[in-house]
Amino acid sequence: MSGGRWLRVPVGDEAARWRTVGAVRTVLAVARTVTSAGRLLEILPLFRSDPRVQVLFTVAAGSAFDDGVGDFLRGVQARTVPWSQAVETPFHLAVSASANGALHELKAPLLVVPHGAGHNRLLSPADGPGSAVSGLARRQLVHEGRVVPAAIALSHHEQLARLERDCPEALPRAVVVGDLVFDRIRANLARRDRYRRALEVGQDRKLVLVSSTWGAHSLLGANGDLVARLVAELPVDEYQVVLAAHPNAWYGHGGLQVRLWLADARDGGLLLLPPQQGWQAALVASDVIVGDHGSVTFYGAALGRPVLLASSGREAAELDPGSPTALLSRTLPRMDPAGAVLPQIERVMAAHVPHDDVTGRTLGMPGQAEGLLRRLAYRLMELPEPGTPATARPLAEPLPERGEVLSFEVETVVDGDRVTVRRYPAVLERRPGYQVRDPHLVVDAEEVNPRLLENAAIVLGRDPRPGWAQETLRRYPGCFMVAELVGGRSVDLTLRSGERLRVGTTPAGGGDPDPRCLPSAVYGWLVRGRSREELRSGITVRVGDRQVVVNCDAWDQG
């Protein structure tokens with residue numbers, strides 16, 4: 001990562017001959033991992049619309065997670081300088097979201113910013129003797145007796161005391177600027193509905209954001225089956241699960257492997273965010289967080305979302321005991337790994353109390369980070385700030401990977417003239433002791449697993465050809481009925497008895513549910529011996545928060 005062909009433009013001996021815009025200041029963004037590169041991209045809008053400033057990237061070698069950095073930077077079309085050229089070239093400012101690496105070799109005033117919610121992790125014992133906080137440690141900030149950064153950006157005044165404890169000679173270089181990323185998340189709260197639409201989550205469903213940092217004590221490392229359990233045990237018409245995994249997990253194991261590990265959960269409806277972006281918008285869109293000791297969980301708590309802590313690095317001595325993240329980990333309700341997840345999610349949402357007293361210790365100077373950080377950067381470059389105010393920018397819409405759920409285990413409860421329908425993905429096994437009550441299997445005709453089709457009570461067809469219903473009933477003798485979706489509110493049913501009927505809906509509150517639920521409502525009604533006369537006159541069907549009246553337009557013996 002440190003080699004490569006030297007650039008000739010916009011820096012180099014002949015750069016003036018080749019460049020189009022003659023910037024008067026050059027900024028070097030120093031990346032080590034995709035995580036730090038992503039944080040630098042959050043900072044670069046400080047220089048937006050300023051033709052006086054040219055930004056270049058370089059990659060500082062040495063991280064175990066440097067795989068993918070080059071591809072990431074090429075994907076955003078960043079101009080990248082090989083490290084060998086970067087350390088030979090004077091720059092007006094260097095910015096790094098990590099205090100690691102040979103930063104002392106750079107010929108530029110260095111601004112160090114955190115790449116998470118403050119400074120919380122302890123350095124590994126392999127990085128040197130004693131316990132020190134990453135980003136505040138003397139062995140990171142001082143080289144041969146000289147403090148390397150020209151400025152150390154902190155998000156809150158509480159970090160000054162810890163910096164003075166760990167590296168007192170660096171204290172004069174510290175500047176409290178707040179948290180730029182959290183300010184941008186809060187500025188985008190008005191776009192919550194937009195992000196929920198991008199995630200295909202309506203107002204009738206709750207969005208569960210699962211957040212995992214990296215390492216053996218992260219959510220994925222310590223509770224590897226939890227993601228699949230959440231997808232398996234939360235009713236699909238009431239909850240949507242989306243996973244934000246740390247880039248170090250993606251690039252440490254490889255995206256192919258991550259997708260393989262999560263394959264069943266994705267087939268069951270899990271939304272998987274890419275490692276580069278999307279988690280901020282998903283936080284805005286979320287209703288509840290299931291997380292660990294990573295920054296996404298911390299930001300979620302600071303945003304006022306209910307949080308269940310599924311894992312914590314506190315027990316493994318990964319966190320500075322005096323850090324806000326460690327304090328939050330001691331405060332948040334813990335998930336019981338042996339218990340059913342649905343009641344735990346419902347309880348934490350019902351009993352939620354914000355943790356402002358804890359999160360406020362890291363996220364100081366609310367709403368001011370953009371202006372304070374820009375002022376600091378331009379001061380270090382010795383360049384007057386632009387006349388326009390520094391303002392937050394819209395977050396990009398999340399673009400998750402999503403699978404298509406084709407098979408459901410369905411529970412129906414008949415009470416008077418009401419049928420309540422709950423659906424669960426059939427491809428996932430639920431833990432012993434967690435059972436769907438008296439379930440029946442509903443399978444899409446496009447399902448490729450023959451076992452599911454052979455055991456289906458209902459087979460669904462989309463725009464089927466003439467004769468499809470009779471052919472399907474012959475092919476699958478255990479099938480009770482087949483359903484043909486003919487519109488947003490109508491489904492044609494053919495029963496094994498030969499009866500045929502069309503069921504339609506009239507909204508009764510909350511909008512229309514997925515029409516694939518209607519055959520299950522009729523099934524639940526009929527198998528419990530309820531009368532067809534009542535069905536003909538109309539029954540109430542409830543799916544999550546949605547309620548409709550379902551009736552039969554016509555019967556014939558086909």
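Two strands pair here if DSSP finds at least two bridges between them, and strands themselves (E, at least two residues), like helices (H or I, at least four residues), are DSSP runs numbered from the N terminus. With that in hand, V242 sits opposite L271 in β11. This is a predicted model, where local features need pLDDT of at least 70, side-chain atom pairs count only at pLDDT 80 or more, and totals for chains, interfaces and linings use all residues. Residues are numbered from 1 along each chain as its sequence is written, and side-chain values use heavy atoms, with hydrogens and water left out.

**The sheet**

- An open, mixed sheet is built from 6 strands, ordered β13-β12-β9-β10-β11-β14.
- β13 (307-309) and β14 (401-402) take the edges with a single partner strand each, so one side of each has no neighbour in the sheet.
- Strands β10 (residues 239-245) and β11 (residues 271-272) run parallel, joined by 2 bridges.
- Helix α10 (residues 226-233) lies across β9 (206-212), β10 and β12 (288-291), at about 165° to β10; axes are lines fitted to C-alpha atoms, for helices over the stretch in contact (heavy atoms within 4.5 Å), and angles run from 0 to 180 degrees between N-to-C directions.

**Around R374**

- R374 belongs to helix α19 (residues 369-381).
- R374 counts as buried because its relative accessibility is 8%, the cut-off being under 20% relative accessible area (1.4 Å probe, protein chains only).
- The side chains of R374 and E385 make a polar contact of 2.8 Å (N or O atoms within 3.5 Å, one able to donate a hydrogen and the other to accept it; residues adjacent in sequence count only if both atoms are side-chain atoms).
- R374's side chain also gets to the backbone oxygen of T388, at 2.7 Å.
- Beyond its neighbours within four places in sequence, R374 has contacts including L46, P386 and A390.

Conventions:
Buried < 20%, exposed > 50% of the residue type's maximum accessible area, 1.4 Å probe, protein only.
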